[in-house]
Amino acid sequence: MSLLERVEDKAAASEIEPGKRLIRAGDDRGLSLFERLNLRLHRIAWQTPMHRLRLRGRMPLKLIAVPKDPIAGDKEAGEALLAGHFSHNGTEVPIDAMDSLGLPEDFTFYLHSFAWLRDLSAAATRERGAKRAEGIARAWLAAHGERISEPAWRADLWGRRILFWTAYAPYILSSHDPVYRSSLLYALARGARHLERTADKAPAGLPRMTAWSGVIAAALVVQGGPARLKSGEAGLSRAFAASLHDDGGLVSRAPAEQLAMVELLGQLRAVYTAARREAPEWLIEALTAGVGALLSVTMGDEALSSWQGGNKASRRRVTAAAEGAGLDAAPLRQARGWGYQRVQARNSVLVFDAAPPPPPRALKGACASTLAFEFSDGPSRLIVNCGGAGEARGALPAALVHALRTTAAHSTLALGDKNSTAIHEDGALGKGVSEVELVRDDTAGSRIEASHDGYVKRYGLLHERRLNLTSDGRQLTGEDRLIAAGRRRRAEPIPFAIRFHLAPGIEATPTADGQGALLRLKGAVWQFRCRGGRLAAEDSLWIDGEARPHATLQLVVTGESPGEGMTISWELKRAS
């Protein structure tokens with residue numbers, strides 16, 4: 001079944017009244033019953049008079065430093081703000097309607113975090129942009145400054161807001177109105193106190209890191225704040241321990257989140273610099289490793305490869321994040337926790353997923369992509385995964401988002417038209433890949449062997465993939481082996497499909513013998529050959545860095561495997 005057919009089937013299946021679903025869908029998927037109850041009680045506690053009393057106290061009179069944001073903003077989005085509307089990830093909303101209900105999650109984050117200040121600064125000087133920024137800030141304070149509720153007072157949003165308010169203080173604190181200035185500083189101080197009591201309750205991963213980063217920023221640059229620096233650094237250190245692998249990659253294994261984390265920590269490091277303090281060694285180490293993990297999933301065009309619901313993002317943003325960190329970090333080549341193997345040979349780049357999907361609580365929308373790969377020739381992408389909406393949540397139909405998470409949407413083998421890890425109707429991951437064995441040898445070219453157990457219980461077959469990229473980068477040979485394993489044996493043949501999704505714009509011409517195809521891309525021709533199975537070209541699609549779908553093609557090798565398994569060999573060779 002093609003990806004487009006899966007989307008149509010999923011759209012029909014999704015016409016279920018929410019009240020009649022057997023499994024409730026929600027943001028707390030992957031949490032235990034106790035954890036869900038604890039989270040809800042925590043949110044209810046925000047509304048109590050006791051919590052409001054805890055946020056009172058002596059308030060700051062000024063900021064003692066203004067950090068420099070190391071990340072450049074989007075000039076077009078900033079010009080849209082000057083023209084009277086927010087523009088973010090394809091959504092446009094007039095400024096006077098910024099509290100409208102039903103806005104996409106990513107837009108809500110953009111609005112309430114004040115990340116738009118970065119974009120405004122890219123389009124306007126302080127003199128020109130301050131009036132617009134102060135107007136929005138006044139409206140936000142009137143609506144949310146005193147009212148403690150979600151989403152405005154969510155811990156990760158307060159963390160981001162403190163970072164942006166302090167970095168762009170000249171844009172929002174240039175007013176001669178003492179009442180407005182006091183109101184904003186009062187809200188900032190209350191937000192910092194709120195964070196101290198709620199940061200550890202934020203979801204593990206990027207949200208909790210963001211919350212504690214806000215506590216540290218307030219401690220460093222707000223008058224009277226240093227007393228909370230120790231607790232802020234301890235909290236962030238705990239968040240790192242719960243959310244990062246030893247190799248610097250997030251437990252979510254999502255490149256889009258890794259990019260946001262590098263931006264966050266680069267911004268926090270700039271706060272230390274503004275406060276004339278040395279950032280802790282453990283923070284610098286985490287940032288350095290985080291940049292390496294981020295660069296490990298870039299392709300030849302220096303933009304991201306597409307994993308775990310993400311897309312290529314933009315080369316400009318990836319480069320800005322890496323440079324903004326202010327550290328010299330090389331791409332991580334081999335990672336067991338982060339899970340992505342990177343091979344670069346001359347102009348060719350290969351990124352290979354050699355790990356199980358992330359745990360359900362680490363990432364909503366995780367994908368069944370184990371043993372998939374992407375491959376590029378110089379700046380031209382050749383083999384890709386279909387991608388996802390990335391941070392632009394709501395930009396794509398729900399049925400398409402679900403289909404993009406499947407094994408069939410990735411350049412790997414699918415057995416029995418099933419996902420290597422099950423994806424339930426409510427979006428949560430089920431049983432499947434639990435273990436990946438990996439061997440890598442870089443002595444002559446680069447050879448990677450990896451296997452996963454995602455199909456063992458269902459079909460009694462282990463999937464092993466061997467990849468070998470020559471040292472000149474001109475030939476990639478592959479072998480997909482199905483090996484009998486486990487107790488179950490199927491008497492009847494089991495259908496398989498090995499998909500190679502092609503980047504948009506690649507022309508595929510089948511060879512006369514039906515076992516190969518010529519792939520023409522900008523400035524080069526590659527030849528694809530396979531042995532075992534039948535080769536066909538089918539429709540596919542690819543999601544670009546702005547979450548827009550593009551029609552493209554995929555090469556699909558199909559056949560049936562006996563119960564004892566079989567081997568399918570293939571190769572990509574540069575012909576010119």
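Biologist: Which residue takes a positive phi in the hairpin of S3 and S4?
Modeller: Arg346 does, with a phi near 55 degrees, in a hairpin that has 2 residues between the strands. This is a predicted model, in which local features need pLDDT of at least 70 and side-chain atom pairs count only at pLDDT 80 or more, while totals for chains, interfaces and linings use all residues. Residues are numbered from 1 along each chain as its sequence is written, and side-chain values use heavy atoms, leaving out hydrogens and water.
Biologist: How many bridges join S3 to S4?
Modeller: There are 6 bridges between S3 and S4 (residues 348-353), and the two run antiparallel; strands pair if DSSP finds at least two bridges between them. Phe352 in S4 is the bridge partner of Gln341. Strands here are DSSP runs (E, at least two residues), as are helices (H or I, at least four), numbered from the N terminus.
Biologist: Is S3 mostly covered or uncovered?
Modeller: Mostly covered: 5 of the 6 residues of S3 (residues 340-345) are buried. Buried means under 20% relative accessible area, exposed over 50% and partly exposed in between, with a 1.4 Å probe and protein chains only.
Biologist: Turning to helix H8, what does the side chain of Thr166 reach?
Modeller: Thr166, which is found in H8 (residues 155-167), reaches the backbone oxygen of Leu163 at 3.1 Å. A polar atom of the Thr166 side chain also lies 2.8 Å from the backbone oxygen of Ile162. Thr166 is buried, with a relative accessible area of 0%.
Biologist: And which residues does Thr166 touch, not counting those up to four places away in sequence?
Modeller: Leu63, Val66, Pro67, Leu188 and Val221, where contact means heavy atoms within 4.5 Å.
Biologist: Which residues touch the most other members of the largest nonpolar core?
Modeller: Phe86, Trp116, Leu117, Trp165, Ile172 and Met209, out of 99 residues. Helix H11 (residues 206-221) gives the largest share of this core, 11 residues. Such a core is a set of buried Ala, Val, Leu, Ile, Met, Phe, Trp, Tyr and Cys residues joined through side-chain atoms within 4.5 Å.
Biologist: Why is H11 largely enclosed?
Modeller: Because 15 of the 16 residues of H11 are buried, the rest of the structure largely encloses it.
Biologist: Finally, what pLDDT does the chain average?
Modeller: The average is 89, and 89% of the residues score at least 70; pLDDT is the predictor's confidence in each residue, from 0 to 100. Over residues 10-27 the pLDDT is below 50.

Terms used: Polar contact = N/O pair within 3.5 Å; in protein donor to acceptor, adjacent residues only side chain to side chain.
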